Amino acid sequence: MNKTIRRASVFSLLLVLALLLRATWVQFYDGEALADNKHNRRDAIEQYAYPLGNIVVAGDTVTGSERTTGSDLAYKRTYTDGKLYSAVTGYSSQVYGATQLEGIYQDVLDGTDNRLKSPVDAVTRKHADPGNVVTTLDPAVQKAAYEALGDTKGAAVAMDPGTGEILGMVSTPSYDPSKISGSADGEAWQALTGDEDKPMVNRALRQPLPPGSTFKLVVAAAALENGLYNSVDERTDSPDPYTLPGTSTVLRNENASAPCEDATLRTALQYSCNNVFAKLAADLGADEVKATAEKFGFNDDERDVPVRASESVYPAGMDKAQTALSGIGQFDVTATPLQMAMVSAALANGGELVDPHMVSEVTDGNGSTLEDLSDASSHRVVSERTAEQLTSAMQTVVDKGTGSNARIDGLTVGGKTGTAQHGENNSKTPYAWFTSYAEDASGKQVAVAVLIEDSGAARSEVSGNGLAAPVAEAVMRAALG
């Protein structure tokens with residue numbers, strides 16, 4: 001072979017190798033990137049080529065699939081009582097993706113999860129039957145929360161203290177995810193995303209706000225756990241009014257005639273005495289309050305239920321005056337309704353916090369279990385003695401104090417109100433809070449937290465007992481009635 005032919009052969013071989021390498025690169029690397037590209041319509045066509053699996057509440061499906069017309073996407077998602085369950089289901093849109101349970105379990109619901117495929121399906125590449133997601137929700141609790149919140153801007157969470165099961169989770173105002181599930185819903189999407197009331201924000205999980213006086217339960221727990229006081233009936237050293245350390249700012253109580261000077265923890269919770277809990281926090285120090293708050297779940301940025309909840313924050317780096325304000329749930333303390341439900345749940349469960357969750361199992365199309373999520377982990381937050389003392393004090397709040405609107409005949413009810421200031425110089429309408437638990441004669445329990453972000457009421461009419469406690473009462477009655 002002469003030199004020219006040999007060079008041409010080598011060059012041709014190199015070209016072939018280059019083409020093979022390029023083809024391999026495109027097929028495996030670029031191909032994967034293209035498949036994951038949000039503009040690749042083939043993924044959407046495949047996802048909606050078949051009916052989706054369902055989200056199940058108490059044995060009934062609250063989702064479905066509907067055959068489309070005039071579209072290359074064969075099916076679209078439908079919802080039963082969409083507004084009632086949107087804070088749980090989220091949405092599955094042909095255009096805008098999926099959120100909440102729809103997003104987390106998308107592969108199960110559209111049949112692409114490998115666990116759904118039989119060995120034959122894997123070989124033949126046959127589309128597997130979709131799976132289902134079974135929730136822990138109680139439809140009566142969910143409906144009671146939704147109806148009680150009504151036209152307010154707010155949220156409610158109910159959970160079983162002994163199992164961690166979320167029995168109800170509502171955020172208002174709500175929206176109907178059916179309105180944005182198709183491929184021609186741009187106008188509805190713009191209306192929802194442009195709404196100043198933010199109906200698509202899950203206020204139960206994703207919008208932490210100052211918890212106000214409901215946080216006093218955490219401070220009381222820290223005081224008992226650290227031996228600052230041995231009993232909720234021991235008198236504290238709490239001047240009234242109380243001057244914030246290192247300042248001339250005087251912290252007063254909402255009820256000027258309340259017996260808050262040197263009040264016991266029981267009385268201080270009953271009348272929601274700011275002076276007592278501000279001084280408790282300052283005496284304990286930020287590190288001790290923070291340690292107790294974190295046991296309850298604050299500062300956890302990986303709280304999955306399985307939807308990721310926003311972090312509830314007990315801040316670091318505070319001076320003594322700021323620490324005192326944190327003791328009444330102000331300064332930079334924030335919490336979600338889920339977090340405050342966890343506080344009541346841990347106390348009601350003897351000081352043990354069971355991880356909250358709203359999915360009990362994931363199944364295949366035949367009902368066989370793919371994941372059993374019913375056995376949640378737990379950890380001790382406070383001692384049984386501390387929990388018993390604080391639940392007793394919470395009962396006093398409802399029976400004789402600021403939480404009277406949560407009373408339910410035939411049930412043992414404990415709670416704590418909160419009215420959290422916000423805005424520059426507290427210029428905006430306060431947030432109304434209530435966190436509580438109830439127990440029936442058989443020992444069955446429920447823990448509930450309610451936030452009323454805005455009810456339209458005048459500033460002077462906003463209180464945890466007036467706005468939030470009646471919602472909690474309705475939810476607890478539904479859970480244990």
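Which residues is Thr236 in contact with, leaving aside its neighbours within four places in sequence? I looked this up in a predicted model, where local features need pLDDT of at least 70, side-chain atom pairs count only at pLDDT 80 or more, and totals for chains, interfaces and linings use all residues. I number residues from 1 along each chain as its sequence is written, and side-chain values use heavy atoms, with hydrogens and water left out.

**Thr236.** Taking contact as heavy atoms within 4.5 Å, I list Tyr229, Asp262, Ala263, Thr264, Leu265 and Val276 for Thr236. I find Thr236 in the loop between α9 (216–225) and β10 (242–243), where helices (H or I, at least four residues) and strands (E, at least two) are DSSP runs, numbered from the N terminus. Thr236 counts as buried because its relative accessibility is 5%, with buried meaning under 20% relative accessible area, exposed over 50% and partly exposed in between (1.4 Å probe, protein chains only).

**Leu269.** I place Leu269 in helix α10, residues 265–271, and I note it as buried because its relative accessibility is 0%. Setting aside residues up to four places away in sequence, Leu269 touches Lys216, Leu217, Phe277, Leu390, Ala393, Val397, Thr402 and Lys416. I also looked up Thr214, which is 55 residues from Leu269 along the chain, and the C-alpha atoms of the two are separated by 9.3 Å.

**Val16.** I find Val16 in helix α1, which covers residues 3–36, and I call Val16 partly exposed because its relative accessible area is 43%.
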